Amino acid sequence: MPTARQSRAGVINCDLGMSKPFDIELERLTSQASYSEIARGVAAGQRGTFFLETFGCQMNDHDSEKVAGLLLSRGYQQVETPEAASLILYNTCSIREKAAQKVFSRLGEYREKQNEGKVIGVLGCVAQQEGEEIFERAPWVSLVCGSASYRKLPDMLTQLEAGNQRVTGLDTDTDATFETEVTRRDNPWRAYLTIIEGCDKACSYCVVPFTRGPERSRGSDSILKEVRQLAELGYSEVQLLGQTVNSYADPTPRKMRFSELLLAVADVQGVRRVRFTTSHPSDFTPDIVEAIEEQPKICDHVHLPVQSGSTRVLRAMQRTYSREVYLEKIAMMRDANRPIAITTDIIVGFPGETEFEFEETLSLLDEVQYDNLFSFKYSPRPNTPSLSMSDSMSEEEKGRRLAVLQDRQREIQSAKNARLVGKRFEVLVSGKSRRENQWSGYTTSHRMINFASQERELLGTYVQVRVTGAGPNSLLGDHAV
Ligand code: SAH
Ligand code: SF4
Ligand code: F3S
């Protein structure tokens, strides 16, 4: 699922001032023995300061947590502005043209910083995709590093200190980024955990197979070991990540299925919620729904991107399922003994999409009644098969289709959320408003609730909230006792 920074429909907006208690987090992490460099006496800030800005999906967010941990463990100190930093790192997204363009305009803003002696580095999907080209377009950049090479970052920085002008890390198929013993997680209650890297699906519009390389799964024993450590550190919600998380293929002799892994993670003492994203419809099998039915700690929310409601367009997208097969997956969830919230991603204006085919997508929304969706105008991307298809639809028409789709979904969400008024939900409190007595958090079905409570401290706790009002993107409520 993309993050809120990307433009999309149905984003759950929250106007609360979120507090991000970094102090608690750092305290916990420095208590981890694995901060060996700190133990060896590398004081915070001794090596310099870094500013890290992140764009893209949750996998990128989590990669930045790994990068930050790695640098902190080597004696760097994180700062809030590029001005205060000796090292400026930009973790980039390349999924649509606009995202990639933003990278170069942001790099333009950093041009002068090099003269001040700062090191500027590009990480993530644009780094992997553009490689050394970045040095041509922005000669003031001296470090380019893709997501499979983050382990090498400290060495790359040492090379720069030693006088090298430019360093690159452009592996695509190592498992090095799975090991996360120094990860500095941004959220002290919810821990992201990468269980599968890369993607083998080859959707015709998508850059991810190029930017993140082939699919590699992490061993179930290593995943479960880390979950146990996280639970001991106080994390109660674990979110398993992968571009196709449910294509997970355990490389150990145990050969755990994805559904077994979900159950095993939920069994770890201290874990109260297990989430997973993103699921690919072709690998979405009945045992996953059975695991959700069997184990209430596995959240009642599945993000199942459909991309289009037209089988012809799905074939052109190389999505490996038809509308009918997708609807069978939805029926499987609707038949479950526990209601399951379903969200999706949709691309409008794929090359050759007719008005009729677009309407098939609208009718799919009516049929499925999604709880939320993220929608995008098709954007042609380098190296992808759909680049050679004629993308003749005007931006205006793509924009019109996007607006029609978003309006339709807004109505669906308003009606669905209105039916929740009067109901009670368990909420993990993750935000505190500047306004007094106002808090926010998510239900297990990933609905955001803003609610009132007289309690003095609720962050990180689980509370019961009664819904008193509903909008298309969030709910309002009262702390129920
Ligand atoms: N792995 C996930 C999606 C990752 S990218 C999956 O298979 O569903 C997140 C979303 O960005 C995709 O679901 C798709 O809707 C959108 N997207 C990807 N490439 C795009 C492109 N070239 N143009 C517009 N949207 C795109
Ligand atoms: Fe891209 Fe398709 Fe892989 Fe998702 S499944 S990351 S859309 S290629
Ligand atoms: Fe994620 Fe963007 Fe890369 S969506 S995988 S950061 S291209």
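Let me start with helix 9 (residues 220-232) and helix 10 (residues 258-267), which pack at an angle of about 25 degrees with their axes 10 Å apart; the axes are lines fitted to C-alpha atoms, for helices over the stretch in contact, with angles running from 0 to 180 degrees between N-to-C directions. That angle makes helix 9 roughly parallel to helix 10, a label used for angles under 35 degrees. The helices themselves are DSSP runs of H or I with at least four residues, and strands are runs of E with at least two, numbered from the N terminus.

Before going on, please keep in mind that this is a predicted model, in which local features need pLDDT of at least 70 and side-chain atom pairs count only at pLDDT 80 or more, while totals for chains, interfaces and linings use all residues. Residues are numbered from 1 along each chain as its sequence is written, chains are lettered from A and ligands numbered from 1 in the order in which they are written, and side-chain values use heavy atoms, with hydrogens and water left out.

Which residues meet between helix 9 and helix 10? From helix 9 they are Ser220, Ile223, Leu224 and Val227, and from helix 10 Leu261, Ala264 and Val265, where contact means heavy atoms within 4.5 Å.

The second pair is helix 13 (residues 323-334) and helix 14 (residues 355-368), whose axes come within 11 Å and cross at roughly 15 degrees, and these two helices are therefore roughly parallel to each other. Here Arg323, Leu327, Ile330 and Arg334 of helix 13 touch Glu360, Ser363, Leu364, Glu367 and Val368 of helix 14.

Turning to ligand 1, there are 15 residues around it, and Gln243, Pro305, Gln307, Asp345 and Ser379 come nearest; a residue counts here if one of its heavy atoms lies within 4 Å. As for polar contacts, meaning pairs of N or O atoms within 3.5 Å, an oxygen atom of ligand 1 lies 2.7 Å from a side-chain N or O atom of Gln307. A nitrogen atom of ligand 1 is 2.8 Å from a polar backbone atom of Ser379, and a nitrogen atom of the ligand is 3.0 Å from a polar backbone atom of Tyr205.

Finally, two points about the backbone. Thr277 and Thr278 are joined by a cis peptide bond, with omega about 5 degrees, and Thr278 sits in the loop between strand 11 (273-277) and helix 11 (286-294). Lys255, a residue other than glycine, has a positive phi near 45 degrees, and Lys255 is found in the loop between strand 10 (237-241) and helix 10.

Key
Parallel < 35°, antiparallel > 145°, perpendicular 65-115°, else oblique. Polar contact = N/O pair within 3.5 Å; in protein donor to acceptor, adjacent residues only side chain to side chain.
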